[in-house]
Amino acid sequence: MACGFGVCLGCAAPLAAGGYALVCRDGPVFEASQIAWEGLP
Amino acid sequence: MRVDFAGIPLRNPVLTASGTFGYGTEFAPFLDLRELGGFVAKSLTLAPRHGNPPPRIAEASSAMLNAISLENVGLEAFVNEKLPALPEGVTVIASCFGTEIDQYAELCKRLSSVERVAGLEINASCPHVKSGGIEFGQDPQVLAQLVRACRRAASLPLVVKLSPNVTSIAEMARVCEAEGADGLALINAGQAMDVDVATRRPVLRNVLGGLSGPAIRPIALRMVWQASQAVKLPICGIGGIATAEDAAKFLLCGATAVQVGTANYLNPQAAAEVVRGLAALAAEQGLTRVQELVGALEIPPPPS
C-alpha cells in the first residue's frame, strides 16, 4: 500500500459481492467469504 | 500569497493533485484544509467506477507506478455526499474524466451549476475508446474536440490537465489555448511499467501504469517551461513536488500555481508544509510576493 489511510486506492481487495474494499481502511482482516480470491494476485 | 489562477481565486498557489487527495475530508485529521490554496478532487465519471484489479500500485525508484483506473464514487455521490461534508472556505476544483467526449461535456455542464465547485479540471489522460486506446491528450485533433466540447458546456473556469506522453507539449498547450481553456495543469503521470524477474510478470495487473513522484520532476519542469514559452495561459505545475523548493522550481519555470500529488501519500501534511515553506522562501529572498518568482528563470546567453 502507498498511503495507508484510504486515499491512494492502491490496496484494493476484490470482493465476492463485486467491487473492491481497501485493506487499509476496511481491513486488514476480512471474512474469508467476503473476498473474491481468484481476483487476488 | 493570494493568486488568481485561470479565474479561480486562491488564497495561495498550492493545490493538491487529483487522485492523491480523495474528496478532501480524508485529510481533515492531518491538516486544516483551509490552509491550502485548494484541492482538486478525485476525477469523476458520470457513474461510479470500480477501478482496476490489484496490484494497482508499485514503488519505483524515487517514484510510484499506479493503475488505479479512476475508481470514484461518481458525480451524484460527489455532489450529494462528498461536497457537503467539507468545511466552509475550502476551494474545490472538480476533475472530469470520461471515455467519450460527450461524457466530459455532461460532467462540465452539471458541475458548473454546483455552487461549491470553483473550477473544472479536464483529465485528458485516459485511453479513448473511439481512438483505440489513445489518450485524449495525445492527439491534437482529439484534444481540440475535447476542449471545445468542454468549453461549450462549462460555465466555470476550465483547466486542462495535460498528458506528458506526447511529442510536443507546446503543441498541446496551443490547442488548449485556441479552444478557449482558461488554464493548463501539467504534467499528469507518465506511461510506464515495471516487471518482477522472479515471477516474470509485470508488477501491475494492468501492465501499464502512470509514473509519478520525484523521479518525474525534471520531465515535468521541462514541460512546464516549454508550455509557458508556447502560450499565455496560466499554468499549474505538477510532478514530484514535495517541498517548497520543488514548488519554487515550477514557479520559476512559468507556473502560477502548483499541485502536490504523490507526496501526500508519504506525508499527509506535505501540502501544508509547502505553503508555509513558500512563505518562508519568499521572505528569505526578500520578495514582497511569492508570485515574483513566476517565470523569473534566468537563462544565461550562449557563450559567443
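Residues are termed buried under 20% relative accessible area, exposed over 50% and partly exposed in between (1.4 Å probe, protein chains only). The model is predicted, so local features need pLDDT of at least 70 and side-chain atom pairs count only at pLDDT 80 or more, whereas totals for chains, interfaces and linings use all residues. Residues are numbered from 1 along each chain as its sequence is written, chains are lettered from A and ligands numbered from 1 in the order in which they are written, and side-chain values use heavy atoms, with hydrogens and water left out.

Helices (H or I, at least four residues) and strands (E, at least two) are DSSP runs, numbered from the N terminus. In chain B, helix α6 covers residues 244-252. Its buried residues are B:Ala244, B:Asp246, B:Ala247, B:Ala248, B:Phe250 and B:Leu251. Contact means heavy atoms within 4.5 Å. The buried residues of α6(B) pack against α5 (217-230), β17 (235-238), β18 (257-260) and α8 of chain B. B:Gly254 follows α6(B) and has a positive phi, near 115 degrees.

The loop between β17 and α6 of chain B holds B:Gly239. B:Gly239 counts as buried because its relative accessibility is 5%. Beyond its neighbours within four places in sequence, B:Gly239 contacts B:Gly213, B:Ile216, B:Arg217, B:Ala220 and B:Phe250. The C-alpha atoms of B:Gly239 and B:Ser212 are separated by 6.6 Å, although the two residues lie 27 residues apart along the chain.

A nonpolar core is a set of buried Ala, Val, Leu, Ile, Met, Phe, Trp, Tyr and Cys residues joined through side-chain atoms within 4.5 Å. The largest such core has 96 residues. Within it, B:Phe78, B:Leu111, B:Leu120, B:Leu143, B:Leu184 and B:Leu186 touch the most other members. Helix α8 (residues 270-284) of chain B gives the most to this core, with eight residues. Residues up to four places away in sequence aside, B:Leu143 touches B:Ala124, B:Phe136, B:Gly137, B:Val160, B:Leu162, B:Met172, B:Val175 and B:Cys176. Another core, of 14 residues, lies apart from the largest one; among its members are B:Phe5, B:Ala6, B:Leu10 and B:Ala17.

Chain A has 41 residues, of which 39% count as buried. One helix and two strands are found in chain A, in the order β-β-α from the N terminus on. The C-alpha trace of chain A spans about 25 × 15 × 15 Å along its principal axes. Among contacts in chain A with a separation of 6 or more, 5% come from residues 24 or more positions apart.

Buried area is the accessible area (1.4 Å probe) that two parts lose on being put together, summed over both. Chain A and chain B bury about 1400 Å² between them, with 70% of it on carbon and sulfur atoms. The contact involves 14 residues from chain A and 22 residues from chain B. In chain A, the most area is lost to chain B by A:Phe5, A:Val7 and A:Tyr20, together 40% of what that side buries.

B:Pro53 lies in the loop between β4 (38-40) and β5 (57-60) of chain B. With a relative accessible area of 31%, B:Pro53 is partly exposed.
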